[in-house]
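The sequence and structure come first.

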Amino acid sequence: MRRAVRLALGLAVLAALCPMPGCAARSESAASLERALLAHRAADEALDRGDLDTARSRLLELARAESVAGLAGGEARALRADALYRLAELELAAARPARALGFAEQGLTLGGADLFAANLLVSRGRALERLGRELEAVESYHRALLINERLLGEALDAAGRKPS
Amino acid sequence: MRSIATVVLALALSTCASPLAMEQRGSPHLQPADEAELQGLLREQAGLEQQVEARLRADPTEAPGSEPDCLEICALVRRICELADRICRIAERHPEALERCQDSRARCARARDRSTGPCACRPS
C-alpha cells in the first residue's frame, strides 16, 4: 500500500511537470510536491532510526493545509490524507490507538472515496478495534472494502475485462 | 520504492529546470538547440516511466509472467479478502456483525472470481 502511495506521489509530480511550457506556472505546486516527498523520506529515515518524534513532526507538517499551497484540490487532499494515514499507522505501532483514531478521522474529514480514504478507513478500524469498539470497526472495514471493490471494478474495466 | 519516487521527482524537476531558466533569461521561444534538448529530456522521462512500470511488474509477490494490470488487480482482491477476514473475526465475537461478515465474504469470493480469468492471483 505504501509503495502505491509513493508511486502515486511520484507520478503526480510528473503529471504536474510534464507540460513543459507551463512549467514555470506550475513551479509552486512542484515545490509543494517536492516538499511532500522530502517529508516522507525524512519520516522514513526517522522511523528506520526508531525516532518516532521526528517522523511524527515531519508528517504533521505535511498534514497541515499550508503545506500543500498551490496544489489542486485533489492533489492537496491526497497528500494530506496520506500524511494523516501514516500518522495514524505510526500511532498504532506506538500502541496509542486513541491518537491513531484522531488522525484517521481527521483524514476522513477531507472527503473522497479513493485509495487514500480506504487506507484511512482501515487505520480507523484498527484503532477502533484496539479501543474495544469492534462493531464500529466492522463498519469502517466494510466501507474500506466497498471502496476497494469499486477500485477493482475500475481496474478490470480499464483492462478491458468486463466484470461478470 | 522510495528510490523510484525520488528518481522520478529528481528527473521531473530536472526537466523543469530548462524552461524555467529560459524564462529567467527572457527568451519566450525555444531555439532549435533547446527543442532538441527538450526532446531528449522528454525521451529520458518516458524511459524512466517505463523503468518504474517495469520495476512494479517485477514485484516478486506476483506470479511470473503476470499481466501488468494483474499487480493492481491482485492487490485489490487481497485487500478485499483481508478486510472480509477482519470483519468475520469480529463477527465470531459479535453476532450482530454476522450479516456484514456474510456480505464481505460474498464480495471477497466475487472479487476472486472476477479476477481468476485474467489474473493468476496468489491466495492471500
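Is C88(B) buried or exposed? C88(B) is buried, at a relative accessible area of 5%; buried stands for under 20% relative accessible area, exposed for over 50%, and partly exposed for the range in between, with a 1.4 Å probe and protein chains only.

## Basis of the model

The model is predicted: local features need pLDDT of at least 70, side-chain atom pairs count only at pLDDT 80 or more, and totals for chains, interfaces and linings use all residues. Residues are numbered from 1 along each chain as its sequence is written, chains are lettered from A and ligands numbered from 1 in the order in which they are written, and side-chain values use heavy atoms, with hydrogens and water left out.

## Chain B

Chain B contains four helices and zero strands, where helices (H or I, at least four residues) and strands (E, at least two) are DSSP runs numbered from the N terminus. Along the sequence its pattern reads α-α-α-α.

Chain B has 124 residues, of which 36% count as buried. Among its contacts with a separation of 6 or more, 57% come from residues 24 or more positions apart; a contact means heavy atoms within 4.5 Å.

## Disulfides

Over all chains, the structure holds four disulfides, each defined as a pair of cysteine sulfur atoms within 2.5 Å. In general, a disulfide is a covalent bond between the sulfur atoms of two cysteines. C101(B) is buried, with a relative accessible area of 10%.

C81(B) and C108(B) also form a disulfide, with an S to S distance of 2.1 Å. This link of C81(B) and C108(B) is right-handed, with 100° about the S-S bond. Because C81(B) lies in helix α3 of chain B and C108(B) in helix α4 of chain B, the pair ties together parts that are 27 residues apart in sequence. C81(B) counts as buried at 1% relative accessibility, and C108(B) counts as buried at 6%. The link of C74(B) and C121(B) has its sulfur atoms 2.1 Å apart and is left-handed, with -85° about the S-S bond. C74(B) lies in helix α3 (residues 68-93) of chain B and C121(B) in the segment after α4 of chain B, so this pair ties together parts that are 47 residues apart in sequence. C74(B) is buried, at 2% relative accessible area, whereas C121(B) counts as partly exposed at 21% relative accessibility.

## Packing between the chains

Helix α7 (residues 134-158) of chain A packs with helix α4 (residues 98-116) of chain B at an angle of about 20°, and their axes are 11 Å apart. Axes are lines fitted to C-alpha atoms, for helices over the stretch in contact, and angles run from 0 to 180 degrees between N-to-C directions. The two helices α7(A) and α4(B) are therefore roughly parallel to each other; angles under 35 degrees count as roughly parallel, over 145 as roughly antiparallel, 65 to 115 as roughly perpendicular and the rest as oblique.

The crossing of α7(A) with α4(B) is left-handed, a term for a near helix turned anticlockwise from the far one by less than a right angle, with clockwise giving right-handed. The α7(A) residues in this contact include V138(A), H142(A), L145(A) and E149(A), and their partners in α4(B) include R100(B), D103(B), R107(B) and R114(B). By class, the contact of α7(A) with α4(B) has six nonpolar, three polar and seven charged residues. Here Ala, Val, Leu, Ile, Met, Phe, Trp, Tyr, Cys and Pro count as nonpolar, Asp, Glu, Lys and Arg as charged, and the others, Gly among them, as polar.

## Packing within chain A

Helix α3 (residues 52-63) and helix α4 (residues 73-93) of chain A pack at an angle of about 155°, with axes 8 Å apart. That makes α3(A) roughly antiparallel to α4(A). The contact of α3(A) with α4(A) comprises ten nonpolar, no polar and four charged residues.

R80(A) lies in helix α4 of chain A. Leaving aside residues up to four places away in sequence, R80(A) touches L62(A), A63(A), R64(A), A65(A), V68(A) and L110(A).
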